[in-house]
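Open the model in your viewer and keep the selection panel at hand. This tour moves from one metal site to the next.

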Amino acid sequence: MNKFKILFVISAVAIGLMGILIASINEGKKEQAQINSVPKIDRWETRNEEFRKHYPRQYDSWKQTEKSDDIDDLLKEYPELVVLFAGYGFAKDYNAPRGHAYAVEDNRNSLRTGAPVDEKTGPMPTACWTCKSPEVPKIMATKGDAEYYTGKWSKYGSDIINPIGCVDCHNPNTMELQVNRKYLAEGLEAEGKMKLEDATQQDMRTMVCAQCHVEYYFKKTPNPKGGTAVAVTLPWAEGTGVEDMERYYDNLDFKDWTHKISRAPMIKAQHPGYEMWKTGAHGKNGVSCADCHMPYKNEGGVKYTDHKIANPLDDIASTCMNCHRVSEKELTETIAEKKARKDELHKKAMKHLAAAHLEAGKAWEVGATKAEMEPILLDIRHAQWRWDYAVASHPAFFHAPEETLRVLATAIDKAGNARIKLAKVLAKHGASDYVAPALTSKKVAQEITGLPFKQLVDDKKKFQKGLLKEWEKDAQEKGIYNPSSTKSIEKLKTSY
Ligand code: HEC
Ligand code: HEC
Ligand code: HEC
Ligand code: HEC
C-alpha cells in the first residue's frame, strides 16, 4: 500500500468517527433542547412517572432514591429513646430516614400513624401528610389550606398516594423551581430576614428542601367551615436558633405532649436541617443543599441535575471535589471524626435525660410537690428540646459541627441541673437510694414505660390488609395511582 492510500484510509476512518461524534452531539443537543423547551404537563400532575417521557434522565435518577431502602430502627439502637418519648408516638416506632421514594409508604407503615378503620379515626391529624407527597400542595391549592388541615390523617388515605416528586419542587408549566407550601413563605416573613419572592436561583436550590427539612409545630385554628384546622407552622418569629425557638414555644406555653413518667411539658424537635445548615461553614458561604445533594451530571453531551437525592459521600468525586482539593480519604476521615465527637455527647445527653425522667417519676411517686417539681420539669423540657434539635436535624454533625456540639453541651448542662435538683427532692422524701433501672433493650424499655407494643403491631397489620388496600383501589379509580409505579419497591418493609 502506498503512502497516499494509507493517508486516504486514515482520513476516511477519521471522517467516519467525526460523523458519529457530530451525530451524538446533535442527539445530545436535541435532548438538551427538549429539556429546555417545557412540554405541556398539567399543573397538578402528581404521577411522577408521567414526567418520564419528557425528562427521562431526571426521572430515572429520581427513581433511584428507591435504592436507599434499609430500615434503621433507632429505638433498637438507643433504647433510652423509648423513655425519652414516653407517652408520645416516637416511643412506638422511630426509624432513620430513607429515600424520598418511601415517604408515603413509611408514613402508612409507621406505628405512629396507628390503625384507622375509616376516614374519621386514627391518632394523627391530616398535617402528618404534609411532607410526603406532591398531592399535598395540590389539595392545598385546590381546596384551601384550612380544609387540607382539618380532619384525621385517614381522611386523605386515597388522595395522597404518590411519594415526594416533581410537583413538590417544580411548577410543571415552566419547570422552574417553586415552593408550593405557603407556611415556608410565612415562616420567612415572621423571621423577617428574607422574603421568599426575593430568593435568588441559588437560594431556591435550598428553599425547595426547606419546605420539609425544617422545624415546625401544629398550630390549632378554627376552620370557618367547621372543625379545627391543625396547621404546620414554622416557629421562626424570634429567630431560627435553638434558644430563639425555645423562647417562642415557652412564650406560647406550647407543648407537644406531657411526658408519661416525669410529667414534663415536652417539645418535640422535628428536623431543623435548614436552620442548622444556616449556622455551618457551607450555609454561611452560600453552598446550597442541591450543590451537595443534587450535583450536575454530564452524559453524552447532556448536562442535567442528578435527582438521586441521597448521601453525597456515595459520590464524593461529583459533589465535594467540585470545591475541595483534599484527598477523598482525608475528607472521609474528617467526617468520621466529626461524627464520633457528636456521638460521644449525643449518648451522654440521652443517658442523663432518660435518668432524669425516671428519677422525676420516682419523685412524684414518693410525694414530691408541684412546686418542688416545676423548676426540674422546665430543665428537662429545655434539655430534651436541645438534644433533639441537635440530633434530629440529621446529620447536623456534618452540616453544622460546632453548633451541634454547643447545643448538645447545653443539653447535658440542663439535664445535669435537673438531676442535681432531683437528688435533693428524692433525699427529702426518703428515696435517696433510688437508682433508675437499666435500659438494656427496646423491649425492656417499652415494658418499663408500659407500651402495648404487640397490640399496636397487630392493629397495624389489620389496617395494612384492610383499609390500606381499599385506599389503593380507590386511588386507582380516581386516576391518580398507577400500581406499576411502586412495583419495584419492597412494600411493608418495617421495624416490626
Ligand atoms: C426535592 C426537589 C426536587 C424534586 C422532587 C424534583 N426536582 Fe427537578 N430539580 C430540582 C433542583 C434543585 C434542580 C436544579 C435547578 C437549578 O439549579 O436551576 C432541578 C432541575 C430540574 C430540571 C432542569 C434541568 C436539569 O436537569 O437541571 C428538570 C427538567 C427537572 N428538574 C425535572 C424534574 C422531574 C421530572 C422531577 C420528578 C421526577 C423532578 N425534577 C423532581 C429539584 C427537584
Ligand atoms: C415534600 C417534602 C420534602 C422535600 C421537598 C425534600 N425532602 Fe428530603 N426527605 C423528606 C422525607 C419525608 C424524608 C424521609 C423519607 C422516608 O424515610 O421515608 C426525606 C429524606 C431525605 C434524605 C435521606 C435520604 C436517604 O437515602 O437516607 C435526604 C438526603 C434528603 N431528604 C435531602 C433533601 C434535599 C437535599 C432536598 C432538596 C433538594 C429535599 N430533601 C427535599 C421530605 C422532603
Ligand atoms: C457541603 C455539602 C452539603 C450541603 C450543603 C448539605 N448537605 Fe446534607 N448531607 C451532606 C453529607 C456529607 C451527608 C451525609 C453525612 C453522613 O451521614 O455521613 C448529608 C446528609 C443529609 C441528610 C440525610 C440524613 C440521613 O440520616 O440519611 C439529609 C436529610 C440532608 N443531608 C439534608 C440537607 C439539607 C436539607 C440541606 C440544605 C439545607 C443540606 N443537606 C445541605 C452534605 C451536605
Ligand atoms: C460549592 C462548593 C462546596 C461544595 C460542593 C462542598 N464544599 Fe465544603 N466548603 C466549602 C466552603 C466555601 C467552605 C468554607 C471554607 C472556609 O471557611 O474557609 C467549606 C468548608 C468545609 C469544611 C470545613 C468546615 C466544617 O464544616 O468543618 C469541611 C470539612 C468541608 N467543607 C467538607 C465538605 C464535604 C465532605 C463536601 C461534600 C459532601 C463538601 N465540603 C462540599 C465549599 C464547598
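Predicted model: local features only at pLDDT ≥ 70, side-chain atom pairs only at ≥ 80, totals over all residues.

**Stop 1: ligand 2**

Select the iron atom of ligand 2. Its protein donors are His100 and His213, each through NE2, lying 2.1 Å from the metal. Now check the angles. The 6 donor atoms around this iron subtend 86 to 179°, so the arrangement is octahedral.

Next, trace the chain at each histidine. His100 sits in the loop between helix H4 (80-84) and helix H5 (103-109). His213 sits in the loop between helix H10 (201-210) and strand E3 (217-222). The pair is 113 residues apart and links distant parts of the chain.

His100 has 22% relative accessibility, so it counts as partly exposed. His213, at 38%, counts as partly exposed too.

**Stop 2: ligand 1**

Move to the iron atom of ligand 1. Here His170 and His307 coordinate through NE2, at 2.0 Å. The 6 donor atoms subtend angles of 87 to 179°, which makes this arrangement octahedral.

Colour by secondary structure. His170 lies in strand E1 (residues 170-171). His307 lies in the loop between strand E8 (302-305) and helix H15 (328-365). The two are 137 residues apart in sequence, so the pair ties those parts together.

Keep the surface on. Are these histidines buried or exposed? His170 is buried, with a relative accessible area of 16%. His307 has 17% relative accessibility and also counts as buried. The cut-off for buried is under 20%.

How values were computed:
Residues numbered from 1 in each chain as written. Chains lettered and ligands numbered in written order. Heavy atoms only, no water. Donors = N, O, S within 2.8 Å, 3.2 Å for Na, K, Ca; no water. Tetrahedral: all angles 85-135°; square planar, octahedral: opposite > 155°, others 65-115°. Helix = DSSP H or I, 4+ residues; strand = E, 2+ residues; numbered from the N terminus. Buried < 20%, exposed > 50% of the residue type's maximum accessible area, 1.4 Å probe, protein only.
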